[in-house]
Amino acid sequence: MDIDLSQFYQVFFEESFEGLDTMEHELLHLEEDSDRENINTIFRAAHSIKGGSATFNFKEVAEFTHVMETLLDEMREGKRPVEKETVDLLLRSVDCLRGMLNRIQDGEEVGDSHIDLVNYFNELLSNGSSSGSDSPATEVDDSSADSEGEITRWSIHFEPEAYILETGNEPVRMFRELKGYGELTAKANLDKVPDFDELKPESCFMSWDLELDGEVDEDAIKETFEWVEDDCKLEIKPLSSAGGKAKAAKVVSANADETTEENEEEEVQTSNVKNMVPVASEKPAAKAAQKPASTASIRVGIDKVDTLIDLVGELVITQSMLSEVGENFDISKLNLLLSGLGELEQKTRELQESVMRIRMLPIGFVFNRLPRMVRDLSTQLSKKVNLEIKGESTELDKTVMEQIGDPLTHLVRNALDHGIESVDRRIEAGKSETGTLILNAFHQGGNIVIEISDDGAGINPDIIYRKAVEKGLIPDGIEMPREQILSLIMEPGFSTAEVVSDVSGRGVGMDVVKRNINNLGGNVEISSELGKGTTFTIRLPLTLAILDGQLIKVGDETFVLPLVSIIESVPLSMAETSRIAGDMPVYKLHEDYIPIIDLQEEFEIRKNLGASNDGLLAIVEGENRKIALRIDELLGQQQVVIKSLESHYKSIQGVSGATILGDGRVSLILDIVGLSKRASDRTHKKLVA
Amino acid sequence: MTKILAVDDSASMRQMVSFTLKSAGFDVTEAADGVEALRAAKTNAFDVVISDVNMPNMDGLSLVRELRTLSNYRFVPILMLTTESSNDKKQAGRSAGATGWIVKPFNPDQLLSTVRKVIG
Amino acid sequence: MSKKTTVSLGNALDIASVSELKKRFENALTKDLPVTLSANKVEKADTAGLQLAYAFVKKVEANGHDINWQSPSDVLVQTSEILGMQEHLNLS
C-alpha cells in the first residue's frame, strides 16, 4: 500500500511543538517539585516525539529524543537525581529540538546543532548509571548471525502455555502465517486434553509438531511465534537443506527433549517461496520532501463544536417555521412572523458568537513560555524573581494571541531588567529580596485585559519628563497628567541606550511594543508608583474579526467607527471651535483643545452643498489621544465583520479595514490613531513649509 | 467489515494508523487515551484494538487490563504500539493481556501485515 | 430408525462461544444417545472450539455411542486441517 506519510507531518509538527512546550513547562517546575508524575509527563512528551519522528523518518530528531528519553527514564526510575545541571541540559535540548523541527518544517537542513548535546547526553549516560542505553535500532535478540538460508525443511515443536488463547494469540493464525512460507503439515498432540467434564474450554491443552517445507530462514519462523516466545516451548530444527548440511538443532527456549529424526530425502527446493517477513521498506529519508504545506490548523474542544451543531439545528427549525408562515401568509400571521424573525436574529447572533469562540484559545499558550524566560533572565541578572500567573484560561482570538506574544515577552523582560531591583537594592529599600512579577489576564467588556505588574522601583515621572524635553518630544513647561508623562516612554525616539541606563525605568523598544499592540486594535497604559512598582495594562479586542461599529455618514459615503473609540458627539453649530498655529482647527473639550479632522476633506469626498455649519463633531479617542471628526450624520450601530484591506489593496493610514454593509455596499473602517497621525503629520508639513 | 479501535495520544500517529487501516478497508475508530478508548469499547464491538503504551489519563497497559475484564473483549486481539524493544517492556504488555506488539517505528505496510495477521 | 440427538453448533465454534457450547454439549450427554453435530453454519472456528469438540467426541464415544458430523462447513474443515486435527475429529 502506498501511503504518503507527508500528509501527517503538519500534525506531527504541531503536536511536537506542543509537547516541547509541555516539557519546558514541567521542567521549570521540576526542581521545586519533582514528583514522578512530572517526570512522567516530560518523559511521555519526549517519547511521543521520538515515536513520531522515527515513524515519519526524521532520523536526527528520533536519535536525539532517544538519548533524552534514556536520561529521563533514569530520572523516572530514580536512578538519577533531579539536579539543576540536568534540568538545564534538558531545557537546552528542548530549545534545540524546537530549532530542528522548525528547520525540518521549513524544508531546511536539520544541521548539526544537536550533535554536541547528543554527545553530552551520551557522556552523562555512560558515566552516570548502569542502565545501558540501547540504541533504538538494536534488537536484543541476535541469534541469526548464521546464514542458513538454504534450509528447506523445518521441524517445529510448539507447546503453548494453557493461557495462551486468552491473550488473543491463536495457533490457527500462526500456522496460517507459516503456510505462507511453504507447505505445512501439522500434527496435533491431544494426549493432555482432559476429559470433557474436566475441560476448561478456554485453556489450551494441545501441543503441535509441525513440518514446514519451504525455503525460509529460522528468524522468519521465530518471528511468527515472537509474541508468544515466553509463553510456550518452541523448538525449531532444520530437517534438510539445499546444501545438504543439516545444522545442529537450535533450541530456542527450554525444551522437552524429543528426537524427531525423520531422515527425509534431501530435496532441493527451487520453488521461489517469497520471503514474507515484513521488512521496513526504507523510504528515502523524507527530508521534508518539499516544504511540507503548512496550513495553520486549530484544535477545537468538542463542546464548542457541539454547541455549533445545536445552534445550527435550532436555526433550521426557525427557518422552517418561517417558511411555513410565509407559504400562506396573511396579516393575521404577522405576529408569528415577527417573533420568528426575532428568533432568527437571536440565533444568528449566538451562532456568530459560537463560531468566533472556535478561534479562541486560552492565553496560557502565551503565558506558558514566560516562566522559562524569567528563570533564565533572573539567573543572568542575579536577581530573585517570583513569577505569578493568573487567569491563564482567559480566552482570546488565535491571531491576536500569536501577535501578542512578542510585546508581552518584551514587557516581562523589561520588568525584570529595569523594574525589579537587585537583591541588594531591594534589601536597602526594605523590601523582601525576592521580587514579584504578576501576569494577569481577564475579560472586561469586549476586551481582554492583560496586566504585567512588578513590585520594583517604579518609574519617576520627573526624570521621564526631563528626558522627553531633552529629546524634543514635548515643549518645556507644558502641563501634562502623570499618566501621559509615563506613556512618553513608549514614544518613538524616547528610548535610546543612554536614556535607559540613566533612567531607572524602562526604554528598550517600548515604542515597538506599543505599535504592535496598537496594530492589534489595542492599547497600553502605564501606572507606576515610585518605590512600589509598575503596572502595564494591555487592552485588546477579543477578536480581530468582528467589531462593534458606529456607522457614520460623510457626504454620500458611509464609514465605520469602532464604537469603543467614541466619547461623544456634538452638533457643529454648538461646538466651540477655533484655530491654532499651523491653521489647524481645534475643538475645546473641557480644558483641552483637540484637533478637528474634516473627513470630507481628509478623504476628498465630493461636497454636497449643505451649509458648512451642518453636521456633527464626533469626539473619538485612541491611545490616550482625542480627536474630533467632522461628519454629516450618525447612522446606526452594528457589528461588522472586518475584512482586511491589505490582502486586496494596500495598507492605508487611517483605515484599518473594510466591511460589507447590510445593503451590500463596502464601507471603510476608520482607524482613529492613524487618522490623528495623518492630521498631525500634515500640520507639521504645513509648519515646515 | 472489521472494526478496529486505534488508540494513541499522538494525533499524527493516530491519524497515520487510522488512515492506513481505513485505506485498507477497515472501519476505524480513534481514541486519544485509555479512558476514551474504554468508553468507545463499551459501546462498540471492535474486532481488534491497537493501542499506544505511553499515554496520559490511562496508559496502554491499564487499558488492556480493563478491556480484558469486559466479556466482549476477553479474547479480542489487542496490539500494543511500542518503541520499547527490550523484553521486559514487551512482557509487561503480554502479562497485562495484550496479544502482541508492533514496534515503532513502523511503516503502513508493516502495520497492515500485522493487523491482517491477527484477524486471520 | 434409531434414536439420536442433534447438536447444532451455530455459526461459531470459537473461544468466545465455548462456554456456552460446553453447556449444550453437557445437555446432549445427559440424553445418552448417538450424536449428530450440525455444523453447516460454522463461520468461525479456532483452537479452543476444536479442542472442545474433540473432548466431546471422545466423551460420546467413551459412552459407547456414535457421533458424526452433518455437512461440516468449509471453515470448520480447513481449521481442523491447519491444526492437524482432521483425523482426531473424523473430519477428513
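# Exercises on a predicted three-chain model

The axes of helix H2 (residues 36-55) of chain A and H1(B) come within 9 Å and cross at roughly 40°. Axes are lines fitted to C-alpha atoms, for helices over the stretch in contact, and angles run from 0 to 180 degrees between N-to-C directions. Helices (H or I, at least four residues) and strands (E, at least two) are DSSP runs, numbered from the N terminus. This is a predicted model, in which local features need pLDDT of at least 70 and side-chain atom pairs count only at pLDDT 80 or more, while totals for chains, interfaces and linings use all residues. Residues are numbered from 1 along each chain as its sequence is written, and chains are lettered from A and ligands numbered from 1 in the order in which they are written.

## Exercise 1. Classify the crossing of H2(A) and H1(B) and list the residues in contact.

Step 1. Angles under 35 degrees count as roughly parallel, over 145 as roughly antiparallel, 65 to 115 as roughly perpendicular and the rest as oblique. The crossing is at roughly 40°, so H2(A) is oblique to H1(B).

Step 2. Two residues are in contact if their C-beta atoms, placed from the backbone, lie within 7 Å. H2(A) contributes Gly51(A), Gly52(A) and Thr55(A), and H1(B) contributes Ser12(B), Met13(B) and Met16(B).

Step 3. Ala, Val, Leu, Ile, Met, Phe, Trp, Tyr, Cys and Pro count as nonpolar, Asp, Glu, Lys and Arg as charged, and the others, Gly among them, as polar. The contact of H2(A) with H1(B) then has two nonpolar, four polar and no charged residues.

## Exercise 2. Describe the side of chain B that touches chain A.

Step 1. Contacts link 41 residues of chain B with 34 residues of chain A.

Step 2. Two or more residues each come from helix H1 (11-23), helix H4 (87-96), strand E5 (100-103) and helix H5 (108-119) of chain B. H1(B) gives the largest share, eight residues.

Step 3. By class, this side of chain B has 17 nonpolar, 18 polar and six charged residues.

## Exercise 3. Describe the side of chain A that touches chain C.

Step 1. Here 19 residues of chain A are in contact with 20 residues of chain C.

Step 2. Helix H6 (171-179) and strand E2 (183-189) of chain A give two or more residues, and the largest share, four residues, is from H6(A).

Step 3. The classes on this side of chain A are 15 nonpolar, no polar and four charged residues.

## Exercise 4. Give the order of elements in chain B and its pLDDT.

Step 1. Chain B has five helices and five strands, in the pattern β-α-β-α-β-α-β-α-β-α along the sequence.

Step 2. pLDDT is the predictor's confidence in each residue, from 0 to 100. Chain B averages 89, and 96% of the residues score at least 70.

## Exercise 5. Check the span of helix H2 of chain C and state how far it is covered.

Step 1. The expected span of a helix is 1.5 Å times one less than its number of residues. H2(C) (residues 47-62) has 16 residues and should therefore span 22 Å; its end C-alpha atoms are 22 Å apart, which agrees.

Step 2. A residue is buried if 20 or more other C-beta atoms lie within 10 Å of its own, exposed if 12 or fewer, and partly exposed in between; C-beta atoms are placed from the backbone. In H2(C), 13 of the 16 residues are buried, and the helix is mostly covered.
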